[in-house]
Amino acid sequence: MNQINPAKLRNSKWTAVKPMNREKHFLVSDIEFEEDGSVISCQLKAVISKNAYLIDWKDLKNSANWAQGWK
C-alpha cells in the first residue's frame, strides 16, 4: 500500500508495475478537487508518448499496480 499525501500529488512521478502500450513512467499533471477540497480524480500523463489518462487518485495506493517514483 503506497502512502499518498493529496497535497503533494501534483507533479509526482509514478511507475506502472505492469506497463501497457509500452508506457511505464507517468507524471500527475492535473488534479480535480471537490468543493470541500478533497481529491476526486487525477490525470496521469505518460512521459514518452504524452498520452493522458484520468484515474481515481486512490488507485495509486495499490502497490500491485503502481510504484512511487521512476524505477
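## Ground rules

Residues are counted from 1 along each chain, following the sequence as written, and side-chain values use heavy atoms, with hydrogens and water left out. Since the model is a prediction, local features need pLDDT of at least 70 and side-chain atom pairs count only at pLDDT 80 or more, while totals for chains, interfaces and linings use all residues.

## The overall picture

Let's start with the whole chain. (Helices, H or I, of at least four residues and strands, E, of at least two are DSSP runs, numbered from the N terminus.)

The C-alpha atoms fill a box of roughly 35 × 25 × 15 Å along the principal axes. For 71 residues, a compact globule would have a radius of gyration near 11 Å, and the chain's 12 Å agrees with that. (This radius is taken over C-alpha atoms, and the globule rule is 2.2 Å times the number of residues to the power 0.38.) Of the 71 residues, 30% count as buried. Buried means under 20% relative accessible area, exposed means over 50%, and partly exposed is in between, using a 1.4 Å probe and protein chains only.

The 5 strands form an open sheet in the order S4-S3-S2-S1-S5, with antiparallel pairing. Strand S4 (52-55) and strand S5 (66-68) sit at the edges with a single partner strand each, so one side of each has no neighbour in the sheet. From one strand to the next, the twist averages 35°. (Angles run from 0 to 180 degrees between N-to-C directions, and axes are lines fitted to C-alpha atoms, for helices over the stretch in contact.)

What holds paired strands together? Strands of a sheet pair through backbone hydrogen bonds, either parallel or antiparallel. Two strands count as paired if DSSP finds at least two bridges between them. Here, S1 (residues 13-20) and S2 (residues 23-33) pair in the antiparallel sense over 4 bridges. Trp-14 stands opposite Phe-26 in S2, and Met-20 has Glu-23 of S2 as its bridge partner. S1 also runs antiparallel to S5, joined by 3 bridges, and Thr-15 has Ala-67 in S5 as its bridge partner.

## Turns with a positive phi

The hairpin of S1 and S2 has 2 residues between the strands, and Asn-21 there takes a positive phi near 55°. Arg-22 lies in the loop between S1 and S2. Arg-22 is not a glycine, yet it has a positive phi of about 60°. Is Arg-22 buried or exposed? It is exposed, with a relative accessible area of 84%.

Now hop to the loop between strand S3 (39-46) and S4, where you'll find Lys-50. Lys-50 isn't a glycine either, but has a positive phi of about 65°. Lys-50 is exposed too, at a relative accessible area of 54%.

## The largest pocket

The largest pocket has a volume of about 240 Å³. On a 1 Å grid over the protein atoms alone, a pocket is an open set of points with protein on both sides within 12 Å along at least five of seven lines, and lining residues have an atom within 4 Å of a point. Grid points are joined across faces, edges and corners, and the volume is the space filled by probe spheres set on them.

The pocket is lined by 13 residues, with Ala-16, Lys-18, Met-20, Phe-26 and Trp-66 nearest its centre. S1, S2 and S4 each supply at least two lining residues, and S1 gives the largest share, 4 residues. The lining divides into 9 nonpolar, 2 polar and 2 charged residues. (Nonpolar covers Ala, Val, Leu, Ile, Met, Phe, Trp, Tyr, Cys and Pro; charged covers Asp, Glu, Lys and Arg; the others, Gly among them, are polar.)

Methods:
1 Å grid on protein atoms, 1.4 Å probe; cavity = no way out; pocket = protein on both sides within 12 Å on 5 of 7 lines; lining within 4 Å.
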